[in-house]
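Student: I am new to this structure. Please take one part of it and go through that part closely.

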Amino acid sequence: VRFAQVPTAEAWNAKRQVAAAEGLFVGPTTGAVLAAARVETERARGPLVCLAMDSGERYFSQEALVP
C-alpha cells in the first residue's frame, strides 16, 4: 500500500482534464486519485485500477476558488 500527497491545484487540474478528455464529471478527490495514478503507472507491473470516489456536482461553487 502506498499513500501519495497530491497538491490541491494538481487534483483540480486532473479533474478538469478527465472531464475534457473522457467526459467524466468527477470531484477533486477523484482528481487526486488520477494525479497519483499517473505517477504510479511508471512503477506498476500490471493493471492499475482507479475508483471515482465523488461526483463533481457539489463543487460548482468552489471551482472559482481553486487556481
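Tutor: Of the 67 residues in the protein, 25% are buried, where buried means under 20% relative accessible area, exposed over 50%, and partly exposed in between (1.4 Å probe, protein chains only). This is a predicted model, in which local features need pLDDT of at least 70, side-chain atom pairs count only at pLDDT 80 or more, and totals for chains, interfaces and linings use all residues. Residues are numbered from 1 along each chain as its sequence is written, and side-chain values use heavy atoms, with hydrogens and water left out.

The protein has two helices and zero strands; helices (H or I, at least four residues) and strands (E, at least two) are DSSP runs, numbered from the N terminus. Helix 2 covers residues 28-40, 13 residues in total, and spans 18 Å from its first C-alpha to its last, close to the 18 Å expected at 1.5 Å a residue. That expected span is 1.5 Å times one less than the number of residues.

Within helix 2, the buried residues are Pro28, Thr30, Gly31, Ala35, Ala36 and Ala37. Their cover includes helix 1 (8-22). Take Thr30, which lies in helix 2: Thr30 counts as buried because its relative accessibility is 3%. Beyond its neighbours within four places in sequence, Thr30 is in contact (heavy atoms within 4.5 Å) with Leu51, Ala52, Met53 and Asp54. Leu51 is exposed, with a relative accessible area of 56%.
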